[in-house]
Amino acid sequence: MADVLVIGAGPAGLAAAAAAREAGGEVTLLDSSDVLGGQYWRHLPDSRPAERERLLHHGWDTFTALRRRLESDPHVRIVTSAQVWAIERDTGVPAVVHVLVGPPDAGGRQRLALRPDAVVFATGAHDRTLPFPGWDLPGVFTGGAAQALAKGERIAVGRRVLVAGAGPFLLPVAASLTQTGATVVGVLEANRLSTLVKGWAPRPWQLASTHAKARELAGYVANHVRHAIPYRTGRAVVAAHGTDRVTSVTTAAVDAAWTPIAGTERTVEVDAVCVSHGFTPRLELAIAAGCALTPDRFVMTGPDQQTNVVGLYAAGEITGIGGVDLAMAEGSIAGWAAAGGPPDDKAVRDGRRRRAAYRAFAARLEAAHGIRPGWTGWLDSHTIVCRCEEVSFGRLCGAADATSTTSLRSLKLSSRAALGICQGRMCGRSVEEILAGRVAGGRLRDEVVADQRPIAVPIRLGDLAARRDPEPPTASPSQSPTPNETE
Ligand SMILES: Cc1cc2nc3c(=O)[nH]c(=O)nc-3n(C[C@H](O)[C@H](O)[C@H](O)COP(=O)(O)OP(=O)(O)OC[C@H]3O[C@@H](n4cnc5c(N)ncnc54)[C@H](O)[C@@H]3O)c2cc1C
């Protein structure tokens, strides 16, 4: 029986764990969070259960059924508060997975080194926010942070909030804000109506197979109407103002490339603003394990979600941004294959059908809501791009203009951009786009370094120093209910 390790217990990881069990595998499911569900089903901890949880989440019954099934299965070991911080290649197993179990900043966390027969990476994505003047003021939130506080803590980020950026994610953010008592003064989508129509309208009959998304969308639209929230397209937040915290923002109409149009500026008084321009995949573990990436920098997978490394699979937002249904379809295919399930089984055929439908949906999403290059037009030379190292747009451009190198690594070292505590998770892609726009030929060398983090998350030096190399396994995989591990 194959030992399958699933990293990440969001929609993709949960579906992978369930499918791996169906195919007869022994499953270990890890997540750094203290609850299962990932970003989509983020909820209050079990110690503080909410009566209305079901009303706040789409697909809540799907989630609770999956969770019940996995929690009651003796062949599934679930470990929460389990941070995978490094992956090593080794002979005999596809990867050695190093885990710290315990509260994130606590000392003395339990150390595990797992040697499974197969791994499913389902580590999801970070939300991406483009910089603008004043975005480092208190009261400016990423959409994901606002969503996490609303869903995971029932905290509204402000009383009078503007939501802006690009993509359908703005709608659940606005809905969560209203559910936590905030007044949402508007939702601004930077793409113009014509771009949205061009992205969504072709071959509308193909959308019939993604009706779950249409139902979800209808729920958000109803919320908008009920709370009379204006939704404007072709408009962006181009600056935030305030001293101690944000008190107002400037919005402006933007053209199809997102270049701000002079003379269209408006001031909106707010005490918080939530900005989100899409998502960036969390690739560090997959890269460390040797997985190849696609040209648009997602984990490359084959028909059964296997990466180029035998025994390593990937599913969900790390293979492409497509939402919960695509994540679950990919997870079910990956988990099944990782546990050695036969490739022509009905269960996996259904997963493939759903995957095809939702991949087409994801392509529309990108065409309609993707980031356009004109956003750098709302930066001024003082705008902070890398918040950890306080690198401004001017300094970044200066670093590129002062040399003929096209190496991202070298430009990062000379400007310090993306080298701070977040290791470029927040600013990395924006730094790259700005630099690429300045160097000869418009293309950087060694761009993949931006996602390479051999130590995947910040850990204590004590934990690093205390690390021992894994010892040889003491039991064969077939005898052990969990991946071989040493502590
Ligand atoms: C902040 C945020 C909020 C979102 N909210 C919504 C929403 O409200 N509605 C919506 O439609 N879409 C939302 N999305 C998009 C949403 O993430 C996807 O549609 C869906 O959840 C993707 O599922 P997934 O399983 O691929 O990833 P996720 O749901 O992100 O799950 C990945 C899991 O992997 C775990 N993980 C990652 N790295 C490690 C590690 N090193 N060690 C251990 N565990 C790890 C994470 O803790 C997480 O639980 C949100 C995205 C983000 C980034």
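With which residue does Asp73 form a salt bridge, and how far apart are the closest N and O atoms? The partner is Arg21, at a distance of 2.7 Å between the closest N and O atoms. The views below belong to a predicted model, in which local features need pLDDT of at least 70 and side-chain atom pairs count only at pLDDT 80 or more, while totals for chains, interfaces and linings use all residues. Residues are numbered from 1 along each chain as its sequence is written, and side-chain values use heavy atoms, with hydrogens and water left out.

**View 1. The salt bridge of Asp73 and Arg21.** A salt bridge is taken as a side-chain nitrogen of Lys or Arg within 4 Å of a carboxyl oxygen of Asp or Glu; by this rule the count comes to 14. Asp73 lies in the loop between α3 (60-71) and β3 (76-79) and Arg21 in helix α1 (residues 11-22), so the pair ties together parts that are 52 residues apart in sequence. Helices (H or I, at least four residues) and strands (E, at least two) are DSSP runs, numbered from the N terminus. Asp73 has a relative accessibility of 17% and counts as buried (buried means under 20% relative accessible area, exposed over 50%, partly exposed in between, with a 1.4 Å probe and protein chains only).

**View 2. The salt bridge of Asp451 and Arg297.** The N to O distance of this pair is 2.9 Å. Asp451 is located in the loop between α13 (428-438) and α14 (461-466), and Arg297 in the loop between α8 (284-288) and β18 (312-314), 154 residues apart. Asp451 is buried at 5% relative accessible area, and Arg297 is buried at 8%. A network of salt bridges links Arg297 and Asp451 with Arg429 and Glu432.

**View 3. Helix α13 and its surroundings.** Eight of the eleven residues of α13 are buried, so the helix is largely enclosed by the rest of the structure. Among the buried residues are Arg429 and Glu432, together with Val431, Ile434 and Leu435. The buried residues of α13 pack against β17 (279-281), β19, α11 (393-401) and α12, contact meaning heavy atoms within 4.5 Å.

**View 4. The salt bridge of Glu389 and Arg416.** The closest N and O atoms are 3.1 Å apart. Glu389 sits in the loop between β19 (384-386) and β20 (391-392), and Arg416 in the loop between α12 (408-415) and α13, 27 residues apart. Glu389 is partly exposed at 27% relative accessible area, as is Arg416 at 36%.

**View 5. The interface of domain 2 and domain 3.** Domain 2 spans 129-277 and domain 3 spans 379-449, with bounds from an automatic or database domain assignment. Their centres, taken over C-alpha atoms, are 27 Å apart, and eight residues from each of the two domains take part in the contact. The domains bury about 730 Å² between them, 64% of it on carbon and sulfur atoms; buried area is the accessible area (1.4 Å probe) that two parts lose on being put together, summed over both. Pro131, Pro133 and Trp135 supply 64% of the area that domain 2 buries against domain 3, more than any other three residues. Across this interface the rule finds zero salt bridges.
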